[in-house]
Structure formats: C-alpha cells, structure tokens
Amino acid sequence: VGGTLVDSEFVETNGIPGMLFTFDVGTGDQAGTGNALVYYDAPRLYQSFALGFTGQAAEFAAFLDTFTFIADEAGDS
C-alpha cells in the first residue's frame with residue numbers, strides 16, 4: 001500500500017508468537033494509518049489488519065485486541 005513503517009513489536013497470544021506493525025499511508029487529506037497483526041503457528045499464517053483515517057489508533061487497538069486462538073476439533077489452534 002506504499003505505507004511507512006512507524007513501529008513494530010513482537011507479541012504473543014496463547015503462546016503463539018507474532019508481530020504487530022503500525023504504519024502510515026498517504027499524505028494530506030488522504031492520510032491514513034493502520035495496524036497489522038501477524039502470527040505464525042506452523043503450518044498456518046494468521047493476519048489481521050485495521051486500516052483507516054489518522055487518529056483511529058484506539059479503535060484499531062481495541063479491534064486487534066479481540067484476536068484470540070481457540071482449539072479446533074483436531075486440538076490445534
């Protein structure tokens with residue numbers, strides 16, 4: 001999306017490692033911001049994105065905080 005990385009950090013949910021990225025996109029009245037949350041639990045890659053206008057960081061964090069892993073019928077995440 002032609003974004004600029006603002007911050008990144010290692011995260012962990014239910015023992016599964018991941019990365020949280022914060023980035024800016026666009027300029028002027030087209031400026032926006034976003035967060036990407038990525039987990040790798042072999043062989044699966046989980047991705048969640050929140051994109052929108054600048055100033056929505058709290059809403060993005062609240063959305064991404066809802067991400068969790070649950071056991072499926074096979075007992076995997």
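The following dialogue goes through the reasons behind some structural labels in a predicted model.

Student: Why is N35 called buried?

Tutor: N35 has a relative accessible area of 10%, and because buried means under 20%, the residue falls in that class. N35 is found in strand β3, which covers residues 32–41.

Student: What makes the pair of N35 and T22 a polar contact?

Tutor: The side chains of N35 and T22 are joined at 3.1 Å, and since the cut-off for such a pair of N or O atoms is within 3.5 Å, the label applies. In the strand pairing, moreover, N35 in β3 is the bridge partner of T22. Leaving aside neighbours within four places in sequence, N35 is in contact with several residues, including L20, F23, F49 and L64.

Student: Why are β1 and β4 said to stand at the edges?

Tutor: The four strands form an open sheet in the order β1-β2-β3-β4, with antiparallel pairing. β1 (4–13) and β4 each have a single partner strand, so one side of each is left without a neighbour in the sheet. Neighbouring strands are turned by 15° against each other on average, direction ignored. As for the helix, α1 lies across β2, β3 and β4, running at about 155° to β4.

Student: What makes Y46 and F69 an aromatic pair that is edge-to-face?

Tutor: The structure holds five aromatic pairs. For Y46 and F69 the distance is 5.0 Å centre to centre, with 80° between the planes; because ring centres must lie within 6.5 Å and planes over 60 degrees apart count as edge-to-face, both parts of the label follow. Y46 lies in strand β4 (residues 44–53) and F69 in the segment after α1 (57–64), so the pair ties together parts that are 23 residues apart in sequence.

Student: Which other ring pairs with F69 in an edge-to-face way?

Tutor: F67 does, at 5.3 Å centre to centre and 85° between the planes. Y39, Y46, F67 and F69 form one aromatic cluster.

Terms used. Residues are numbered from 1 along each chain as its sequence is written. This is a predicted model: local features need pLDDT of at least 70, side-chain atom pairs count only at pLDDT 80 or more; totals for chains, interfaces and linings use all residues. Side-chain values use heavy atoms; hydrogens and water are left out. Helices (H or I, at least four residues) and strands (E, at least two) are DSSP runs, numbered from the N terminus. Buried means under 20% relative accessible area, exposed over 50%, partly exposed in between (1.4 Å probe, protein chains only). A polar contact is a pair of N or O atoms within 3.5 Å; within protein, one must be able to donate a hydrogen and the other to accept it, and residues adjacent in sequence count only if both atoms are side-chain atoms. Contact means heavy atoms within 4.5 Å. Rings of Phe, Tyr and Trp (its six-membered ring) pair if their centres lie within 6.5 Å; planes under 30 degrees apart count as stacked, over 60 as edge-to-face and the rest as tilted. Two strands pair if DSSP finds at least two bridges between them. Axes are lines fitted to C-alpha atoms, for helices over the stretch in contact, and angles run from 0 to 180 degrees between N-to-C directions.
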